[in-house]
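Work through the exercises below with the model open. Try each task before reading its solution.

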Amino acid sequence: MKMKRSTRKAIPLLILATIIAILFLLPLIWMVFTSFKTLSESMASSSILPQVWTLENYTGIFTSVSEAPIFRWLFNTTVITAVGTIIVVVVDILAAYSLARLNVPGKKVILGMIFAALAIPGIVTLFPAFYMFKEVGLLDSYIPLIMPYTASTMGVFLVYNFLLAFPKDLEEAAYLDGASQWQILYHVIFPAIKPVAMTLAVITFLAIYNDYLWPSLVTNSNEMKTITLGIATLIQGSNFVNPAKMMASTVIATIPAIVIFLLANKHIVKSVTNTGIK
Amino acid sequence: MKTISKWLALVVTVFLVLAGCSGGGDSADSGKGENGKVQISFINGFTGGDGAYMKKITDAFNASQDKYEVVELQEKDHYTKFKSGEYDLVVIHGNNLETYKQDGLIQDMSSVLEKAGIAETDFHQAGIDTVKLDDTMYAVPLDIHPLTMFYNKEFVQEAPKTYEDLVKINDELQAQSKDLYALGVPSSGLVEFYMLMIAAQNGIDLEKDGYLNFAQPEYAEALMQFHDMVWKDKVSPAGLGLDGEFQTFMKEAQEGKAYQTAVALTGPWFYGGAKEKYGDNLGVAPIPQIGSQLAAYGNSHTIALPANVKDEEKLAGIAEYLKFMYTPENLINWADGGQAPVHLPTLEKVTAEQEKYQIAYQNSQQFDDYVSAPQVYQFGEQIRYMNESVFSKVVTTEKLTTDALMKELEKATEMAKQIAATAPQQ
Amino acid sequence: MYKGASYKIWSVLMVSPFIIFFLLFWALPLVLGIWISFHNWNVSAGNLGFVGLDNYKMILTSGTIYNDLFMTGLKNTLYFVVISVPPLVLIALGLALIIDNLPDKFKTIYRTIFFISYSISVTAVSAIFLWLFNNNGGFINNVLMSLGMKEAVNWLGEQPYAWLTILIATVWWTIGFNMMLFINALNEVDSSLYEAADLDGAGAWGKFWYVTFPQIKNVGFFIVIMTVIASFNLYGQTRLITNGGPEQSTNSLIMNIQTSVFGMNQLGIGSAMALLMGIIMTVILGLQYWLSYRKTD
């Protein structure tokens, strides 16, 4: 009885939530259906569903691979996000552990730098960093697309805070049992910081995946673009005044991200909530 | 512990492999390639549909050669890369040539052209006008891509030649449906072409002491014509945005919901998209006379020699490559890609097969009336405020007065002056 | 524990990869940027010599093109911060409250739907909104006109509609993240407090104001700061949806800094602008911290 009452009370709220949900999904639904429309229908149409269904926009993508190598862009993004995320997570955890537990020499100076860097916005280092990579001739390669993200201090900050709040008892017990440094790290610390490592991985992945300005500075050739940047060049290019074809490309670019997102939904939810500093 | 080191090893290995195989093709060093040929790096911005046609020419050259090899790099924003690297040959737009000359990044090309057997008389005068700075050939002209007129034969039987024709077309279309217009005037996108076209068609010279002098009463009057096209004569719907001239041309009118135009004054690079939609119903013709005289405006591609190229062997290779490119059988590929070459022997071939090279042929018909961009330092920056702000005001402000427009033109001129002053001292 | 020479070596070894990356890709560019900003540095011609504070002076002297670029960019960006932060925070809070009050079995599905657009890149978002809000025959205009609107709205070519479009796109794209943070904060609120409020006969508003709000205030503050930073960095949406138009009114500061570097070739000026922008952002964030701590004390 009680359950029923609460559900009934929730009906107006459910209706409201559903209306909002439809509004949220509308752009995505529109994107998918528009990608199946013919050129003239896609240019001006008030119905969501295509009157004439066509696959032309998708086959068109495969034939214009030399102009818009979407699959190469997806590959680049996969490589960059994967390698970048792994490096950041490993490097940041090691640094945070060393800072929180091992009393590394110069700890105060390092922590000071990390806090200072958190407060200074990225635009300040953007153009000089571009100039540096230009001077050493590394533009248009994977290196500038990956390495600058490793300087982010957010990760060290997160893991460091987590470790400070984490009790030392287990480590001390392991130490008394004669465990080596690596063993403590592997058997005690890593399992403990898994959630925060996951958080860091998700944040880093999203930051690299979403970045648009930096990749647009350091890449030139079509083959080195990320998918995010590739879509931008399609928007600005002269060969895509065709919204249907544009949406077909956007669908291909977006579906992998949405699928990964849905699969990892649980972890992402946890990790976002982890960043909420209380 | 083992797993961690394995992970680290994996990351490092993957990273090294990626670093190794990335980029590439960047080797502009003066040495010889692996095959012992002299390598010539050629950088251009042909990343659109035209890229494949230039590649065809280069590939054919490489196949015909055992002494030289041209390495062609096609990149968007190739200017940024050119400014920061060393290359042997570069494509520069006609309106940028003066900037690169003043920055000292390109050099006199006459001796290379002589070696290649290319003479000024091989080109249409419009092409020569764009590449000759201070009476010196700073580049070899490749093509001119002027403002082009597309028309939809379903609505327009004969290409309009004057503004009166456009008004007549508009009246007929409006009688049919309120959603049909003669043409669309965009508020941004190709507006630089519109603004310089109207200057040329009214015989106004915008250049003064190295900067663009927009603040001329006659120019304000001329620009007001675009305002009147939207608000007085209503030959264009109001409120068209970026690339509006082409987008409206591609739409299908829907009662009260979408406008469609019968004519588009637009860039020739949209030809592929328009042809795909309209097929044989697509007409292409020179732009009509809107101002007081007939004149065409647009931009052009030229091939220039970077200042750092001194090596005799390389210069000989470049001459060889240009000699190869500038033969009708090879350069016709460029016309096939939709560009109108200014090389006269190639033009003859285009004219002979004008159905096949529709867009190239029609655009070559505008060469005699072509007026190129004023040769000033940082042309694009000098005109930026006009492009991004003033033109949009002209076509979106219904109650715009010539006085208000003059104020804007004075501001634009002041900015152009400041940009001109950043030129390196000579 | 953790004493002795071997630990010292370990600790240095473990922290050094990060330190190296940090110095190489953050500290070095920062120093280089400051150094460049004191020079007349042309992208084509290279370093043309030390000019002291001239670049900064030029940017701050009214009437110069650089002042115009910087000030319009700053004005536009601040405008966006002002119009975007309240909806991005308040709507997120509203959505979180809705989800918090839904029956448990519906929570996950709605949470996922409201959050899904966050997984899409800014460029894909721009591609979608660019065509949805096309003024001539675009989907939104067509729907509005079917509902009886007389004349098409020029979404991308006229103010205030252009900002409205950018705002809607931004809200749709990023609101999920803020919402998740609020949901988490709401979950942490002690439910016994609500029961106590029920006994006191508090209404829904009373419960929110006296029970919920004090509990989520800190997270809310964190969200405001994050949102201000994100809005300050406005770039992709205005670059791709409006391209700075109409009449340069959506040219953001980052877009204008990019123009001064790659359009005008003035790397020195551009670096000085970036540093000024950094200083302004840091001051604003500092003020926010100060205000909030003063209040809580």
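This is a predicted model.

**Exercise 1. Divide chain B into its domains and find how far apart their centres lie.**

Solution. 
- Start with the assignment. Domain 1 of chain B covers 29–145 + 299–371, and domain 2 covers 147–297 + 375–420.
- Next, take the centres over C-alpha atoms. They are separated by 30 Å.

**Exercise 2. Describe the interface between domain 1 and domain 2 of chain B.**

Solution. 
- Count the residues. Domain 1 of chain B puts 20 residues in contact with 24 residues of domain 2.
- Get the area. About 1900 Å² is buried between the two domains of chain B, and carbon and sulfur atoms give 55% of this.
- Find the top contributors on domain 1 of chain B. B:Gln358, B:Ile359 and B:Gln366 supply 29% of the area that this domain buries against domain 2, more than any other three residues.
- Look for polar contacts. There are 11 residue pairs in polar contact between domain 1 and domain 2 of chain B, with both residues at pLDDT 80 or more.
- H15(B) gives the most, with 4 residues.
- Sort the domain 1 side of chain B by class. It has 4 nonpolar, 11 polar and 5 charged residues.

**Exercise 3. Repeat the analysis for the contact of chain B with chain C.**

Solution. 
- Count the residues. Chain B contributes 30 residues and chain C contributes 26 residues.
- Get the area. Chain B and chain C bury about 2400 Å² between them, with 43% from carbon and sulfur atoms.
- Find the top contributors on chain B. B:Lys83, B:Lys257 and B:Gln418 supply 23% of the area that chain B buries against chain C, more than any other three residues.
- Look for charge pairs. The rule finds 2 salt bridges between chain B and chain C. One of them joins B:Lys393 to C:Glu247, whose closest N and O atoms are 3.3 Å apart.
- Look for polar contacts. The count between chain B and chain C is 10 residue pairs, both residues at pLDDT 80 or more.
- Helix H3 (78–84), helix H10 (244–250), helix H17 (384–396) and helix H18 (402–420) of chain B each give two or more residues. H17(B) has the largest share, 7 residues.
- Sort the chain B side by class. It has 8 nonpolar, 13 polar and 9 charged residues.

Note on methods. Residues numbered from 1 in each chain as written. Chains lettered and ligands numbered in written order. Predicted model: local features only at pLDDT ≥ 70, side-chain atom pairs only at ≥ 80, totals over all residues. Heavy atoms only, no water. Domains from an automatic or database assignment. Contact = heavy atoms within 4.5 Å. Buried area = accessible area lost by both parts, 1.4 Å probe. Polar contact = N/O pair within 3.5 Å; in protein donor to acceptor, adjacent residues only side chain to side chain. Nonpolar A, V, L, I, M, F, W, Y, C, P; charged D, E, K, R; others polar. Salt bridge = Lys/Arg side-chain N within 4 Å of Asp/Glu carboxyl O.
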